[in-house]
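Reader: Please take a close look at the side-chain contacts in this model. Start with charges over rings, then go on to ring pairs and salt bridges.

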Amino acid sequence: MATPAIRMFQKLEGLFCVYKPAGISWKHVRDNIETKLREGLNVLPSLPLPEQIRFLPPSGGDTLTQKGLTAVNVPVLSNHPLVTGPEFQQIRVGVGHRLDTFSSGVMVIGVGNGNKALNDLYHTKVTRVYTLEGEFGTATHDFSHRGRIVEQSTYDHITQDKLERVLAMLQGANQKALSLYANVDMQSQEAYEMAVQGLLGPEGKSPPILKGLKCIRFDPPDFTLEVQCLNETQKYLRKVIHEIGLELRSTALCKGVRRTRDGTFTLQDALTRSQWTPAEIMRAVQQNRIAKENKLSLPFRTAIANRIQQKHVDREVKEHEALAT
């Protein structure tokens with residue numbers, strides 16, 4: 001018979017996403033979640049201890065001179081939590097597309113059997129979306145605001161129109177790279193259908209590809225970009241900000257990287273640190289399961305409807321042919 005802790009753990013197995021703050025590592029987030037899950041499961045009541053029959057001598061007096069034994073039920077202490085230890089001593093908690101220490105945003109987590117789905121997600125061509133905070137006028141050795149300053153320059157000549165032209169140029173170059181690595185004609189119907197389904201991406205390994213670049217805030221020297229990408233790293237995205245500054249005959253550094261979407265997981269789905277509890281995680285896992293089932297059931301329902309419609313058409317044709325004869 002399954003214990004309450006095991007029954008609850010079965011409801012926790014799956015995928016959900018959290019919001020990783022900047023300044024802490026992805027491993028710290030994973031360990032924190034695992035600890036809270038273990039603690040939450042181990043405080044649940046355990047099943048009653050099994051009992052066994054023991055033959056004990058009568059109480060009182062000298063047991064050597066008394067005759068007869070008394071049969072009593074006693075608990076099997078070898079199954080007591082103080083002997084066996086906590087029911088859950090380790091829980092498999094996995095992380096999908098990781099974020100480095102100085103980046104923040106959506107990070108997908110898998111619990112238990114959810115790690116299998118997490119592995120599938122890791123190898124699919126899902127698009128990830130970031131917002132990048134940039135600043136013109138300064139360059140550092142690691143392209144971030146924490147790095148050692150290596151150059152400073154003017155930026156008064158930069159306008160939003162010039163910035164958007166550079167973004168369009170970068171996006172065009174990356175579209176060519178995408179068509180090269182995707183091994184499909186970008187002008188074909190196949191490419192359109194793959195793009196609609198979110199399956200358009202490079203076959204096998206490829207360098208980072210930027211599928212979309214857009215300026216969402218321009219307030220010199222500060223600016224903010226929204227980037228859609230594949231196979232990226234946060235270090236590469238910081239380098240993109242640096243290269244944009246060079247293209248504009250200036251310099252630029254990256255002040256922040258935040259992931260806002262990882263496939264179907266968005267900021268609205270992400271659990272904040274105060275929500276990393278078994279109850280909240282179970283709710284998030286259940287919501288993801290429902291959303292996935294609804295997504296999978298839509299094509300099935302469409303296929304069934306088409307089949308029913310085809311049966312009606314076939315019946316009408318047969319009736320028409322019968323009347324004609």
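Author: The charged end of Arg146 sits over the ring of Phe102, 3.6 Å from the ring centre. Arg98 does likewise with Trp26: its charged end sits over that ring, 4.0 Å from the centre. Keep in mind that this is a predicted model.

Now the ring pairs. The structure holds two aromatic pairs. In one, the ring centres of Phe9 and Phe88 are 5.2 Å apart; the planes are at 45°, so the pair is tilted. Phe9 belongs to helix α1, and Phe88 to the loop between α3 and β4, 79 residues apart. Both Phe9 and Phe88 are buried. Phe136 and Phe223 have ring centres 4.3 Å apart and planes at 20°, so this pair is stacked. Phe136 comes from strand β6 and Phe223 from strand β10, 87 residues apart. Phe136 and Phe223 are buried.

Next, the salt bridges. The structure holds 11. One of them joins Arg238 and Asp100, at 3.0 Å from N to O. Arg238 lies in helix α7 and Asp100 in the loop between β4 and β5, so the bridge ties together parts 138 residues apart in sequence. Arg238 counts as buried, at 7% relative accessibility. Asp100, at 25%, counts as partly exposed.

Glu135 and Lys255 also meet in a salt bridge, 3.9 Å from N to O. Glu135 is in strand β6 and Lys255 in strand β11, so this bridge ties together parts 120 residues apart in sequence. Glu135 is partly exposed, at 23%. Lys255 is partly exposed too, at 33%. Shared partners join Glu135, Asp222 and Lys255 into one salt-bridge network.

How values were computed
Residues numbered from 1 in each chain as written. Predicted model: local features only at pLDDT ≥ 70, side-chain atom pairs only at ≥ 80, totals over all residues. Heavy atoms only, no water. Phe/Tyr/Trp six-rings, centres within 6.5 Å; stacked < 30°, edge-to-face > 60°. Helix = DSSP H or I, 4+ residues; strand = E, 2+ residues; numbered from the N terminus. Buried < 20%, exposed > 50% of the residue type's maximum accessible area, 1.4 Å probe, protein only. Lys NZ or Arg CZ within 6 Å of the ring centre and 35° of its normal. Salt bridge = Lys/Arg side-chain N within 4 Å of Asp/Glu carboxyl O.
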